[in-house]
Amino acid sequence: MVPPSAGSTLMTLCLLGSSALAAIVNYDFNISWVTAQPDGFSRPTIGINGEWPIPQITANVGDRVIINVVNGLGNQTTSLHFHGLYMNGTPHMDGPVSVTQCAIPPGGSFVYDFHINQPGTYWYHSHDSGQYPDGLRGALIVKDPDSPYKDQYDEELVLTLSDWYHDQMPGQLARFISYANPTGAEPVPKSALMNDTQNLDIKVEPGKTYMFRIINMGAFAGQYLWFEGHTMKIVEVDGIYTEAAEADMIYLTAAQRYSVLITTKDDASSNFAIVGSMDQDLFDAVPADLNPNVTGWLVYSDSAPRPTPALVDEFEPFDDFTLAPYDKLPLYTDPDYSFELRVEMNNLGDGANYAWFNNITYVRPKVNTLYTALTSGNLATNPAIYGDHTNPFVLEKDQVVEIVLDNMDPGKHPFHLHGHAFQTVARSEEEAGDYMYNETLPAYPMRRDTVMVRPNGNLVLRFKADNPGIWLFHCHIEWHVASGLIATIVERPLDLQNTLSLAGSPYASPNSSALAIPTSHIEACTKQDISIAGNAAGNQDDLLDLRGQNAPPAPLPEGFTAKGIVAMTFSIVAALLGMAVIGWYGNLDRKDVK
Ligand code: C2O
């Protein structure tokens, strides 16, 4: 059931804490290429310690986790992000490249070291150059001896869902962001996986209650999930306990998690199908040979047949907006800072399709945004220093922040915020247009870290600026991360200067008790000649001078449309535009493994 953790060194050291036993959980991860065939097709896959599926990270609330990473890929940089963890006090351990760290170069080592003070179901994945769909994603489970539901189940199990491709990401990304794909059609997965396999047996005993921790760690596809003949009781979403809610079918966008309680039948004579079904609304064209479903079984009896799942006429998943948090945290009222993000997809002068928040498509800054914040003194509160192409929003202490997201795109998008679980305050139906500020808001809105906006619909999210750090807000469809659907939340940069230090550099914090950024983090930058100081352009002298910053391709010439590009004769422009695309992608610095 649980992905094997063989190969990882797990050492647990118990320390006597004030009230509970806190431990140090150590992992040594050598990230390298292996061969895997989860759907029968054999391909190079990114594994850890020679294994794939990669190990599950497991800790208890209160534990300190230390992960020593070695990048053994040879041909690619990498990083790890711990999706959903707040990283309170250690925002430099969050993992996104060019945001809180430099990429770990081939052959490089890197230490992630953080405390986990939140229970629940999470996952970890590469946050570098669209890499995780090549295999570098796994479950991260934080057990809770004080769970309000602990007396209601006998055993817990992990169930991961994902989509799966046969080609490697670098080549697929180059084709996706290309003049040859002007409409931005996302590559369609080849298959769906359950616990990184297909036709999965889950052995169960009659008359017991199991807590399934369900994670969609796919790159693109949301999945519908149901257990034939059994009802789910939802008790957690994205690390937040909910009031128990019954559901026959749930929908998990890429990156969402649910914990559900399932009570088995008293009769152990037959087995029941578990079905994950990829949401084909997301796919521009559905290949005739695509099987969007993955099947597993609750196996009561090894000798009984595994039934073929029944067809469903219509997908009617549980509406997650009806959930309420178990802690009944009330709605944050009267936001101190509200901003709109308008989602659009559009073409640039290279003919490729990009994704935009407020007419800005994200481009990595030359200096990690966190290091810019740490090296810019009082100018750290000025969004301008973070660059013209990172969509920075600077937050002050304890502000109630509201994001109004208006989706101008006809697709569904799962939006994720690092460092927080936001209140999901409002979500429209499809085609509702911009948010109208005219509805009654829930008294105890659900909180989670990833939520779906509907096609041409809107979404309102609120959270409190109680966690200094640099936190990305982005669509969790990995194709849209690559095409720039990212904003940067710069939360309390002056507090960061007081609590984190680029120790040993001229920019060490004046506060001698500030936490030092580890040398492995600094070395990841210096080995690749990446500056650890200055604005988004790497300018340390005049922080308001952004000349030389990374920028997207030039806009399309006036009057040019995506349709025009389709109609354009490729032969005339292919050579020129091809060079532009290669130049743009050259900074990914990676190639497929043969
Ligand atoms: Cu699952 Cu930006 O992350």
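Here is a short chat about what the labels for this predicted model rest on.

Me: What kind of model is this, and how are residues numbered?
Reply: It's a predicted model, where local features need pLDDT of at least 70 and side-chain atom pairs count only at pLDDT 80 or more, while totals for chains, interfaces and linings use all residues. Residues are numbered from 1 along each chain as its sequence is written, and side-chain values use heavy atoms, leaving out hydrogens and water.

Me: What makes H416 buried?
Reply: Buried means under 20% relative accessible area (exposed is over 50%, partly exposed in between; 1.4 Å probe, protein chains only). H416 has 0% relative accessibility, so it counts as buried.

Me: Where does H416 lie?
Reply: In strand β25, residues 413-417. Strands are DSSP runs of E with at least two residues, helices are runs of H or I with at least four, and both are numbered from the N terminus.

Me: What makes the link between H416 and T450 a polar contact?
Reply: A polar contact is a pair of N or O atoms within 3.5 Å; within protein, one must be able to donate a hydrogen and the other to accept it, and residues adjacent in sequence count only if both atoms are side-chain atoms. The side chains of H416 and T450 are joined by such a contact, at 3.5 Å.

Me: Which residues does Y435 touch, leaving out those up to four places away in sequence?
Reply: V404, D406, A426, L441, N458 and V460; contact means heavy atoms within 4.5 Å. The C-alpha atoms of Y435 and V404 are 7.3 Å apart, although 31 residues separate the two along the chain.

Me: Why is Y435 called buried, and where does it lie?
Reply: Its relative accessibility is 8%, so Y435 counts as buried. You'll find Y435 in the loop between β26 (422-427) and β27 (447-448).

Me: How do you know that β13 and β18 pair?
Reply: Two strands pair if DSSP finds at least two bridges between them. Strands β13 (residues 209-216) and β18 (residues 257-263) have 7 bridges and run antiparallel, with F212 opposite V260 in β18.

Me: What order do the 6 strands of the open sheet take, and why are β11 and β16 at the edges?
Reply: The order is β11-β10-β13-β18-β15-β16, with mixed pairing. Strands β11 (191-194) and β16 (240-247) each have a single partner strand, so one side of each lacks a neighbour in the sheet.
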